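Q: Could you take me through this model feature by feature, giving me the general idea before the particular case?

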Amino acid sequence: MDICVKDGKIVESVSNDAKVIDASGCVVMPGGIDSHSHVAGAKVNVGRIFRPEDSKKEIYAKKGLRTGTGFSIPSTYKTGYQYSEMGYTFVVEAAMPPLIARHTHEEFMETPQIDKAAMPLFGNNWMVLEYLKEGDIKACAAFVAWLLKTVKGFAIKIVNPGGTEAWGWGKNVHSLDDPVPYFDITPREIVTGLAKVNEMLGLPHSIHVHPNNLGHPGNWETTLETMKCVEGIKAKPRVGERETSYYNTHTQFHSYGGTSWKDFESKAVEIAEYVNKSKHVVIDVGQVTLDETTTMTADGPMEYDLHMTNGLKWANCDVELETGSGVVPFIYSPKGPVYAVQWAIGLELFLYTNTDKVLLTTDHPNAGPFTRYPRVIAWLMSKKYRDEWLYNKVHKWAQQRSHVADSDKEYDLYEIAKVTRANQAKVLGLSETKGHLGVGAEADISIYAIDPEEKDGKKIEKAFRYAKYVLKRGEVVVKDGNIVKQVFGDTIYVDVQVGEDLMNEVLKDVEEKFRRYYSINLENYPVSEEYANSWRVIKIDATDIN
Ligand SMILES: [Zn+2]
């Protein structure tokens, strides 16, 4: 069929003299959406600075474009160009420390081709912990609304709830009911409290959760318990069509059985079974791509554990009252037994979860760089290609300790479109204008030269790595895999208005915190208007909360 584009949008019809792009024999999809990636901000930059060896691995130099370097932690322009070459048009930065949000937005301004949004970290914030400890959901909601607007954030991100705060005391939390030092609140109370806050405010996206115990054998039970603890909290978005109240990120890192690395095994099928029957849950995968990469997370204690395991260099940071983070290089060798199982677990999550409820990510760069998405797509579309890796390249533990070999499933292109754009648009609350090709959608369009029956993994990879055409708001920005036009997308954030009296009460608490504890003045904290090429504001009236 014909798709008509005018003024950056998909429309019913256009005049006869409209420019025509012939896409016959190709596959046309809406622009790709990455709902969880680490592309901008302080910890990404720490990774770039302390890994010159990564910078030397890949150099991007093309006529008329800005140069860039880096394989797992590419510089900003390279990041934008390479997402664009793959047909992606919107990327969400998954962890923004509020205090240093400006760094994230500064890098967004230097990341071309894509729309951007960032999720501020809330799961270890002192104000949040105190309000939830007192059971004051309304005040917590007002604080969340204030912070989202102040740092121009998009959604509530929770990382190792309570654990990163405990790390400030050299500790961690190890279960959903393990109290956080000093605050005496549990991860369960943080997760359910913020889920209630999220639905009270009616945010476009649900809470976005990286549960406790990431990367530890046996953690699948914590993951299930965390998903279960919000079962009773219904999605009530005030914008968008989201039906889920819980988003579990990089679920591969949270689906581990066994008691140590010796008896380590997959519990992905058990996790998938729960997700399939639970209306409130959606997951992204965090697929291991078997590369040398750079791990980075606001889960400070986890990065320390990782550094103790692999002995590679480690960076650690504590962000005052808000969060912390760590960075450690990592080599996922296909010949390593544990890495092989991790690889299999990610694929199992794709193969055993209902394709309406699973999203493609590599938790870039944690499980592998985003430039490997085409390879992940090839593993999903071709059993033959998957088996080439499973039986010839990857350690035999992948066969023995997972169910990846048992699945004959092959994704079709429709399912690929779901797990790379449509599902994302829906769970992020942006499905009115993103993730589809109907009238009214933004004209962010990707055209791939691929035969729908293609089973040659290398050919699938190539087709999705370099799109034939990419349109951003109706303009051709990629042709035959090359960037032909540099554009800058919008930065999207949420502005929720709650009752004035309630907000004034909360602002008094905020002022007190800044006066007593923060190292900077409140006046210097907000991200001001000039910190984007163009903003897109999602306004929500929640003045009924007072
Ligand atoms: Zn992440």
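Q: How far apart do the C-alpha centres of domain 1 and domain 2 lie?
A: In this predicted model, the C-alpha centres of the two domains are 27 Å apart. The contact between them draws on 46 residues of domain 1 and 32 residues of domain 2, where domain 1 covers 5–494 and domain 2 covers 495–541. The size of an interface is often expressed as the accessible area that is lost when the parts come together.

Q: Which residues are the protein donors of the zinc ion?
A: Ideal angles at a metal are 109.5 degrees for four tetrahedral donors, and 90 or 180 degrees for six octahedral ones. Here the protein donors are His-36 through NE2, His-38 through NE2 and Asp-363 through OD, lying 2.1 Å from the zinc ion, and their spacing along the sequence reads H-x1-H-x324-D. Both His-36 and His-38 are buried.

Q: Why does Thr-244 count as buried?
A: Buried means under 20% relative accessible area, and Thr-244 qualifies because its value is 7%. Thr-244 sits in the loop that runs between α9 (220–228) and β11 (246–248), and, neighbours within four places in sequence aside, its contacts include Ser-206, Lys-279, His-280 and Val-427.

Notes: Residues numbered from 1 in each chain as written. Predicted model: local features only at pLDDT ≥ 70, side-chain atom pairs only at ≥ 80, totals over all residues. Heavy atoms only, no water. Donors = N, O, S within 2.8 Å, 3.2 Å for Na, K, Ca; no water. Buried < 20%, exposed > 50% of the residue type's maximum accessible area, 1.4 Å probe, protein only. Domains from an automatic or database assignment. Contact = heavy atoms within 4.5 Å. Helix = DSSP H or I, 4+ residues; strand = E, 2+ residues; numbered from the N terminus.
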